[in-house]
Amino acid sequence: MNATSVPTPARAKPVVLEEATAPATTGLVDRFGRVARDLRVSLTDKCNLRCQYCMPAEGITPLPTARLLSDAEIIRLVRLAVEQLGIREVRFTGGEPLLRKGLENIVAATAALRTDLGTAPDISLTTNGLGLTHRAAALKEAGLARVNISMDAASAETYAKLTRRNRYDDAVAGAAAATAAGLHPVKLNAVLLPGVNAYEAPALLAQALRGGYRLRFIEFMPLGPRNSWKREELLTADDILAVLSEHFTLTPRPAAERGAAPAQEWEVVAGFFDGQAHPAGRVGIIASVTRPFCGDCDRTRLTADGQIRTCLFAAGETDLRGPLRAGASDAELAEIWRHAMWGKQAGHGMDDPAFLQPTRPMSAIGG
Ligand code: SAM
Ligand code: SF4
């Protein structure tokens, strides 16, 4: 297969099930037959970076503290999701989840749970890596399996421009600490913005290969600052693949191995970039805009203020915090979550002319 175009994966067409409401005794099933196994929990909307694709430079209103779930409330809802709703994978995110002091305790409590398969949930973290040098070992010890680290630049200068903070060395050190702690595989996430960091994409891949990391490029989605996204300026998966193919030999990995994973992956043959050797490895592209994978989505999301979101792009959300604080039982909370899931839309609708960017920014949804 030609490595310079992204093949459209064969995806199951959603079939609408007959029931008008969520079946009462199941896990998290929607009307299209998808089953949520992967829970994304946002632990905070706060962040120590200001990535251009995610947050404005200033003028952010943080969620009021009283609305944020406590550690105990998060642990209760994660337990409910794992023990009663069929969740098998839990990813902690934000905002920046390392800003949450109780993270190690939340991870340890999650690791003590057992899924419907009788195993501990698969626990991962999406982070910018700042401060991971001090915490990677403790997080591994608590039960964290893997990390995804935002790394959008190959130089300190470009990193500072993109993130609006001079923290490149800390992020690089954080990724190295993750490897040293055994949080394998360490994946790096990069969003490319033309005129900011896009020209560094090949250098970033060479560095990732040399560091033993799996780099994934994520298409820029309309979830950042208002009016920052223009489809005509989007660097698509095809664009990214074309640029990488000028410098690297790429072979697509079998589609069958992808499952519900958002990234399409390529093997990279060992070679040279900029006169320096790089080993073989893998690179991925998450083409959420141009090759949506909604038909295989197995995700449900919980925001730091206790709202269920069935999709990053959902127009609405379902409140769990209110009922939780009003004394709802586990069975009642599980029922609310099931009904929210049943209402999940078939797709994110970005191509619909009526599409509206969610009012919550990415940092407050949890990526
Ligand atoms: N702070 C952590 C981090 O940066 O990894 C976790 C939260 S961040 C919102 C999670 C992921 O969302 C990151 O990989 C980031 O690149 C991605 N992201 C943020 N805004 C995005 C956007 N507008 N389009 C595509 N990806 C975005
Ligand atoms: Fe912070 Fe992550 Fe958003 Fe960057 S992508 S501003 S690190 S939440």
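Predicted model: local features only at pLDDT ≥ 70, side-chain atom pairs only at ≥ 80, totals over all residues.

Q: Is Asp238 buried, exposed or partly exposed, and why?
A: A residue counts as buried under 20% relative accessible area and as exposed over 50%, with partly exposed in between. Asp238 has 29% relative accessibility and therefore counts as partly exposed.

Q: How many salt bridges does the structure hold?
A: There are 21 salt bridges in the structure. One of them joins Asp305 to Arg67, whose closest N and O atoms are 3.1 Å apart. This pair too links distant parts of the chain, 238 residues apart: Asp305 sits in the loop between β12 and β13, and Arg67 in the loop between β1 (38–42) and α1 (71–84).

Q: What does Asp305 touch, leaving aside residues up to four places away in sequence?
A: Its contacts are Leu63, Arg67, Leu68, Leu69, Arg321 and Arg360.

Q: Which parts of the chain does the salt bridge between Glu265 and Arg253 tie together?
A: The side chains of Glu265 and Arg253 meet at 3.5 Å, N to O. Glu265 lies in strand β8 (residues 264–268) and Arg253 in the loop between β7 (250–252) and β8, so the pair ties together parts that are 12 residues apart in sequence. Both residues are buried. Elsewhere, Arg76, Arg79, Glu83 and Asp330 are joined into one network by salt bridges that share partners.

Q: Which residues come nearest to ligand 1?
A: Of the 19 residues around ligand 1, the nearest are Tyr53, Gly95, Glu96, Ser150 and Met221. The shell divides into seven nonpolar, 10 polar and two charged residues.

Q: Which atoms of Gly95, Met221 and Asn189 lie by the ligand?
A: A backbone N or O atom of Gly95 is 3.0 Å from a nitrogen atom of ligand 1. A polar backbone atom of Met221 is 2.9 Å from a nitrogen atom of the ligand, and a polar side-chain atom of Asn189 is 3.1 Å from an oxygen atom. The protein covers 96% of the 550 Å² of accessible area that ligand 1 has on its own.

Conventions
Residues numbered from 1 in each chain as written. Chains lettered and ligands numbered in written order. Heavy atoms only, no water. Contact = heavy atoms within 4.5 Å. Near = heavy atom within 4 Å. Polar contact = N/O pair within 3.5 Å; in protein donor to acceptor, adjacent residues only side chain to side chain. Areas by Shrake-Rupley, 256 points an atom, 1.4 Å probe, with all protein chains shown as cover. Nonpolar A, V, L, I, M, F, W, Y, C, P; charged D, E, K, R; others polar. Salt bridge = Lys/Arg side-chain N within 4 Å of Asp/Glu carboxyl O. Helix = DSSP H or I, 4+ residues; strand = E, 2+ residues; numbered from the N terminus. Buried < 20%, exposed > 50% of the residue type's maximum accessible area, 1.4 Å probe, protein only.
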